[in-house]
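Dear colleague,

Please find below the structure that I am handing over to you. My notes on its side-chain contacts follow it.

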Amino acid sequence: MARESYGRLVALLAARTRDVAAAEDALAEAFAAALRQWPESGVPDNPAAWLLAIARRRGIDAARRRAVETAGADRLALMAEELEAAASSPEAIPDRRLALMFAGAHPAIERGMRAPLILQTVLGLSASEIAAAFLVPPKTMGQRLVRAKTRIRDTGIPFRVPDREELPQRLDAVLEAIYAIYARGWHELDDGAPRLAEEAIWLGQLVVGLLPDEPEAKGMLALMSYAEARRLARRAEDGTFVPLEEQDVARWDRGALATAERLLREASAAGPSGRYQIEAAIQSAHVARRLGGAATWPAIVALYDHLLALTGSPVVALNRAAALAETDGPDAALAALDPLAADDRLAGYQPYWAARGALLARAGRTAEAREALTRALGLADDPAVRTYLRARIERLAEGVRRP
């Protein structure tokens, strides 16, 4: 319940004050009060409304203290007016997450901080969680988030969906944040994760509805639909992790695949290909290969070449190397990975070590493969992935022991 309510409550609390940090502080106090009181009094019929009411009081108290110190009586009145109006109808708390997302993508905020700010204010993710997604040290990400929130407060950035002429300069950050939300739900397959992925897809649909002529919005929604189509196939019946090449395609959702293909066609017809369109095209090529036996590996490598030139992302370079192994062999793929060894951002990136270990194993470099896979195992959070990696390491060890 906390994760589902967090974003919309913060959005409501900050809607008129424009002080995201203060809204988060007030809501944190409300959650703390709930932890103290609910075990004794029971969970209220409308938990979100209860949290809003407590956060409202905490926020007004804090604003009153600031008003005394800074003579900000007008700001206090404005805040009280909005929150009192919301509290009068607790059964219908407005969902302002999309407005908050576009506010977080305001041009006045540093470009690289727009998506991380959205993730924290809308989802309530910690600085450490966001840092992991963007390959940045947690302390650095925390400091940047504080600066971004201070800028929102000091510049009075409005929490509203911008006018249509303002949308293009903000759309990239909103799409990046939505896709990061989906990726979090995709990688975490506990009871709450599918709901998180569904939430990202719903937000993507909302953006496509707002901007039906934006090809990248459709490209991102297509990319998520391709991934969602394979959700059930990622785990065997016993919960074991199943990589793409070993998945039972009969378990793929054909309806989701059809939706993805349609969205990709519409996006491709609407304008130049951007990041999400290219990534969706790569997924489409994988589908054609696995379902129809098409020889799409050369096309996949070419798409990764284009994507790498567009983004310069080390993660894209990693995925390109893995695809290159299928056309030019593992030695060529490992040579392509060599420049990434000096990139500190990948030192703690589990997929890098897993991919490197797999390529080393294919190249017959067993000792190095075991070392890389062991490092990947130590970095893996998903128990199913850990089991999969442990089995691969054991198979390598058995190969060494055989005469």
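**Side-chain contacts in the predicted model**

The side chains of Gln120 and Lys149 make a polar contact at 2.3 Å. A polar contact here is a pair of N or O atoms within 3.5 Å; within protein, one atom must be able to donate a hydrogen and the other to accept it, and residues adjacent in sequence count only if both atoms are side-chain atoms. Gln120 belongs to helix H6 (residues 111–123). Helices (H or I, at least four residues) are DSSP runs, numbered from the N terminus. With a relative accessibility of 10%, Gln120 is buried. The accessibility classes are buried (under 20% relative accessible area), exposed (over 50%) and partly exposed (in between), with a 1.4 Å probe and protein chains only.

Before you read further, please note that this is a predicted model, in which local features need pLDDT of at least 70 and side-chain atom pairs count only at pLDDT 80 or more, while totals for chains, interfaces and linings use all residues. Residues are numbered from 1 along each chain as its sequence is written, and side-chain values use heavy atoms, with hydrogens and water left out.

Side chains of opposite charge can pair when their charged atoms come close. A salt bridge is counted when a side-chain nitrogen of Lys or Arg is within 4 Å of a carboxyl oxygen of Asp or Glu. This rule gives 14 salt bridges.

- Arg275 and Glu279 form a salt bridge, with 2.9 Å from N to O. Both residues lie in helix H13 (residues 275–292), and because they are four residues apart, about one helical turn separates them. Arg275 is partly exposed at 28% relative accessibility, whereas Glu279 is buried at 16%.
- Arg320 and Asp305 are joined by a salt bridge whose closest N and O atoms are 2.4 Å apart. This pair links distant parts of the chain, 15 residues apart: Arg320 is in helix H15 (residues 314–328) and Asp305 in helix H14 (residues 297–311). Asp305 has a relative accessible area of 35% and is partly exposed.
- Glu326 and Arg362 meet through their side chains in a salt bridge of 2.9 Å, N to O. Glu326 is partly exposed at 37%, and Arg362 is partly exposed at 44%.

Yours sincerely

Technical notes. Helix = DSSP H or I, 4+ residues; strand = E, 2+ residues; numbered from the N terminus.
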